[in-house]
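Here is a report on one protein chain. Look over the sequence and the model first, then read on.

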Amino acid sequence: MEGVSVRKIKKICVFCGANSGKDVAFVNAAFHLGKVLGKRKIDLVYGGGKLGLMGCVSTAVAQHERQVLGIIPSAFTINNLVGETCGKEIKVATMQERLVMMMELSDAFIALPGGFGTLEELFQMISWAQLNIHNKPIGVLNINGFFNGLLSFVDHAVKQEFITPRARKILISATTADELVDKLQAFRFEPDPALSKLKWSPSSSQKEKLDLTLRL
């Protein structure tokens, strides 16, 4: 990365499945990502609990003596639905509050294989970056081609002029954890000149953070 300015990343938020998936490579990659974060002295923010890939990556980070923060809706903690969080836990009232807190407390975002929840979190962060709500790097760890279809769809949307080439650059991808973290550190945010004029300010309520109800 000679000649490239490196972004200081202290905390990465990982979105991933509460299931382990069909391919054992997904589990191995989740553990390896946690190991890479630990070796690079990067702390983890995630959705809490110990199920599936979420449990794998959080366990690996903790084993390498880095801080783990699980942000979890209170509804998920009833009857120990998702298991015990590996590290510190913050309970929130809603899914939206959870995602806002993840955004505020993290320096970058990584998506591992997962389902609808993972995809929602990933694309919410991308749309918020497009709207200039944050300027933090976002990437997918494309294990065994898991995200090939998604990446192809995004490129198709660019060709059909629903996503601009500038906005397409927001989503980073790599096939290994080390390569992905390197790309996140080298990321340079290029805001859309029109959307960069949007002003986002804290709500008048002391308990609320940002009004992020505007969606694309």
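Leaving aside neighbours within four places in sequence, which residues is Ile163 in contact with? In this predicted model, they are Val154, Ala157, Val158 and Arg168. Ile163 sits in the loop between H6 and H7. Its relative accessible area is 26%, so Ile163 counts as partly exposed. Ile163 and Met54 are 109 residues apart along the chain. Their C-alpha atoms are separated by 30 Å.

**Confidence**

The mean pLDDT of the protein is 89. Of its residues, 90% reach 70 or more. Residues 203-216 fall below 50. Beyond near neighbours in sequence, that stretch has 22 contacts in the model.

**The sheet**

Seven strands form an open sheet. Their order is S4-S3-S2-S1-S5-S6-S7, and the pairing is parallel. The twist averages 25° from one strand to the next. Strand S4 (88-92) and strand S7 (171-174) stand at the edges. Each has a single partner strand, so one side of each is left without a neighbour in the sheet.

| Strand pair | Sense | Bridges | A residue pair |
|---|---|---|---|
| S2 and S3 | parallel | three | Leu44 and Val68 |
| S3 and S4 | parallel | five | Ile71 and Ile90 |
| S1 and S5 | parallel | four | Phe15 and Ala111 |
| S5 and S6 | parallel | three | Ala111 and Val140 |
| S6 and S7 | parallel | four | Val140 and Ser173 |

Some residues link two rows. Ala111 is the bridge partner of Phe15, and Ala111 also stands opposite Val140 in S6. Val140 in turn has Ser173 of S7 as a bridge partner.

Why is strand S3 (residues 68-73) described as largely enclosed by the rest of the structure? Six of its six residues are buried, so the rest of the structure largely encloses this strand. Val68, Gly70 and Ile72 point one way from S3. Leu69, Ile71 and Pro73 point the other way. On the S4 side, Ile71 has Ile90 as its bridge partner.

Strand S6 (138-141) is covered on both faces. Ile138 and Val140 lie on one side, Gly139 and Leu141 on the other, and all four are buried.

**Helices and crossovers**

The chain crosses from S2 through helix H2 (residues 52-63) to S3. This β-α-β crossover is right-handed. From S5, the chain goes through H5 to S6, and that crossover is right-handed too.

Helix H5 (residues 116-130) lies across S1, S5, S6 and S7. H5 runs at about 150° to S6. Helix H8 (residues 177-186) packs on the sheet and touches S1, S5, S6 and S7. The direction of H8 makes about 150° with that of S7.

**The core**

The largest nonpolar core holds 63 residues. Which of them touch the most other members? They are Ile12, Val14, Leu37 and Leu112. Helix H1 (residues 24-39) gives the largest share of this core, eight residues.

Take Val14. Not counting residues up to four places away in sequence, Val14 touches Leu33, Leu37, Leu44, Val45, Tyr46, Val57, Ile110 and Leu112.

**Two loop residues with positive phi**

Asn144 has a positive phi of about 50°, although it is not a glycine. Asn144 is found in the loop between S6 and helix H6 (148-159). Is Asn144 buried or exposed? Its relative accessibility is 59%, so Asn144 counts as exposed.

Glu161 is also not a glycine, yet has a positive phi of about 65°. Glu161 lies in the loop between H6 and helix H7 (165-168), and Ile163 is found in the loop between H6 and H7 as well. Glu161 is exposed, with a relative accessible area of 73%, whereas Ile163 is partly exposed at 26%.

Conventions: Residues numbered from 1 in each chain as written. Predicted model: local features only at pLDDT ≥ 70, side-chain atom pairs only at ≥ 80, totals over all residues. Heavy atoms only, no water. pLDDT = per-residue confidence, 0-100. Contact = heavy atoms within 4.5 Å. Pairing = 2+ DSSP bridges. Axes fitted to C-alpha atoms, helices over the stretch in contact; angles between N-to-C directions. Core = buried A, V, L, I, M, F, W, Y, C linked by side-chain atoms within 4.5 Å. Buried < 20%, exposed > 50% of the residue type's maximum accessible area, 1.4 Å probe, protein only. Right-handed = clockwise from strand over helix to strand, strands pointing away.
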